[in-house]
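Colleague: May we go through this model together? I would like to begin with the sheet.

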Amino acid sequence: MPIDAAKALAADPRLGDIGWDHKDIQLYHLGLGAGRPATDPDELRYTLESKLHVLPSFATVAGAGMAMMGGLAAPGIDINLAHVLHGGQSIELHRTIPVKGRATSTARVAALYDKGKAAVVVLRTEVADADGPLWTSDAQIFVRGEGGFGGERGPSVREELPERAPDRVEERRIREDQALLYRLSGDWNPLHADPEFAKTAGFDQPILHGLCSYGMTLKAVVDTALGGDVSRVRAYRTRFAGIVFPGETLRIRMWQEPGRVLVSVTAVERDDAPVLADTVVEHA
C-alpha cells in the first residue's frame with residue numbers, strides 16, 4: 001500500500017536547524033499585505049525593524065517547506081504530490097517569537113486518518129531554541145485516493161458560530177501581486193504564480209496561498225480584537241474551506257468570547273464563498 005500507517009508513525013523524527021532575522025519577518029508581513037498605509041504607526045510594527053514584532057503565523061514559514069515536504073517523504077508514505085491538498089493548519093505558541101532566532105525543528109507524522117477515498121496525514125513540527133520550546137505546528141494534509149488502509153477516521157472538528165451578528169467585520173483587499181510577494185517566504189508552488197500551471201489544475205488564474213489567507217486573518221484579529229498585541233495569541237487553528245484569488249477581498253467576521261475569537265472568512269466578490277472555516281484564535 002502507498003501508506004503504511006504503522007511504519008510512518010514509528011519513523012524517527014526529522015531534525016533540522018532553522019534561523020530567521022528581521023528581513024524574513026518583514027518580508028513575511030509584507031506578503032500578508034502589511035504596510036498600508038506605509039507610515040501608519042500600527043503598520044510600522046510589521047515593517048520597520050526598530051519597532052518590529054512578529055505575527056505568530058510566521059511559524060508556518062520559518063524554515064519554509066522543510067516540515068511539510070520532509071513529513072510527506074517519511075517512511076511508510078509513498079504518495080503522488082499532485083493529489084495533496086492542505087486541509088487545515090494549527091499553531092500553538094509557547095512563547096512570543098523573537099525577531100531574530102536560531103532553533104531546532106523536529107518534524108514527524110503525528111497521526112494518519114483513513115477517510116475511505118482519501119487519507120489525512122497530520123504533520124507535526126515542534127520548534128525550540130536554547131531557551132526552550134517556541135511553538136508547535138500541525139499541518140493537516142488531505143491526500144486524495146489514498147484511503148482504505150484500515151486506519152481510524154479521526155476526529156471531526158467543527159466550530160459552531162454564535163447565532164448573533166459578529167462583533168467585528170473587517171475587509172482585507174488582496175493585492176494583484178500579493179501571491180508573487182508571499183511566495184518569496186518559501187512556498188514556490190507555481191499554482192500561485194504561473195497562469196498556465198493554474199489552468200492545468202483547473203483554475204482560470206493563479207490562486208492565493210491558503211497560508212497567506214491564514215496569516216492575513218490572524219493579522220486582522222490581532223489588529224482589531226487583540227489591541228495589536230501579538231503576545232496575547234496562544235493558539236490559532238483553521239480549516240481551508242475554499243480558494244481566493246489575488247485581487248479579491250477577504251471578509252473576516254469575528255465573534256469574541258472569553259479567551260478566544262471565532263472567525264469566518266469568505267470571498268466578497270464571489271457571494272461570500274467560504275475561504276477559512278472552523279477558525280479559532282485563542283488568547284490571553
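Modeller: Strands (E, at least two residues) and helices (H or I, at least four) are DSSP runs, numbered from the N terminus. The model is predicted, so local features require pLDDT of at least 70 and side-chain atom pairs count only at pLDDT 80 or more, whereas totals for chains, interfaces and linings use all residues. Residues are numbered from 1 along each chain as its sequence is written, and side-chain values use heavy atoms, with hydrogens and water left out.

Colleague: How many bridges join E1 to strand E3?

Modeller: Seven, and the two strands run antiparallel; E3 covers residues 101-114. Within this pairing, Asp17 has Thr104 of E3 as its bridge partner.

Colleague: In what order do the strands of the open sheet lie?

Modeller: The order of its 10 strands is E1-E3-E4-E5-E2-E7-E10-E9-E8-E6, with antiparallel pairing. E1 (14-20) and E6 (168-173) are the edge strands; each has a single partner, so one side of each is left without a neighbour in the sheet. From one strand to the next, the twist averages 20 degrees.

Colleague: Which strands does H7 touch where it packs on the sheet?

Modeller: H7 touches E2 (84-93), E6, E7 (233-240), E8 (249-257), E9 and E10, contact being heavy atoms within 4.5 Å. The direction of H7 makes about 140 degrees with that of E7. Such axes are lines fitted to C-alpha atoms, for helices over the stretch in contact, and the angles run from 0 to 180 degrees between N-to-C directions.

Colleague: What is Trp135 in contact with?

Modeller: Leaving aside neighbours within four places in sequence, its contacts include Ile18, Trp20, Ala59, Leu93, His94 and Val127. Ala59 lies in the loop between H3 and H4 (66-72) and is buried, at 7% relative accessible area. With residues up to four places away again not counted, Ala59 touches Ile91, Ile97 and Trp135. Its C-alpha atom is 7.4 Å from that of Ser137, 78 residues apart along the chain.

Colleague: How many aromatic pairs does the structure hold?

Modeller: Six. One of them is Tyr28 with Phe58, an edge-to-face pair at 5.7 Å centre to centre and 70 degrees between the planes. This pair links distant parts of the chain, with Tyr28 in helix H2 and Phe58 in the loop between H3 and H4, 30 residues apart. Both residues are buried. Rings of Phe, Tyr and Trp (its six-membered ring) pair if their centres lie within 6.5 Å; planes under 30 degrees apart count as stacked, over 60 as edge-to-face and the rest as tilted.

Colleague: Which residues form one aromatic cluster?

Modeller: The cluster consists of Trp20, Tyr28, Phe58, Trp135 and Tyr182.

Colleague: And the backbone: which residues does a cis peptide bond join?

Modeller: Arg36 and Pro37, with omega at about -5 degrees. Pro37 lies in the loop between H2 (22-31) and H3 (41-47). Most peptide bonds are trans, and most residues other than glycine have a negative phi.

Colleague: What is the phi of Asp271?

Modeller: Phi is positive there, about 55 degrees; for Asp272, phi is near 60 degrees. Asp271 is exposed at 75% relative accessibility, and Asp272 is partly exposed at 25%.

Colleague: Which side chain does Asp272 meet in a polar contact of 2.7 Å?

Modeller: That of Thr266, which is in strand E9 and is buried at 6% relative accessibility. The Thr266 side chain also makes a polar contact of 3.3 Å with the side chain of Arg253. A polar contact is a pair of N or O atoms within 3.5 Å; within protein, one must be able to donate a hydrogen and the other to accept it, and residues adjacent in sequence count only if both atoms are side-chain atoms.

Notes:
Buried < 20%, exposed > 50% of the residue type's maximum accessible area, 1.4 Å probe, protein only. Pairing = 2+ DSSP bridges.
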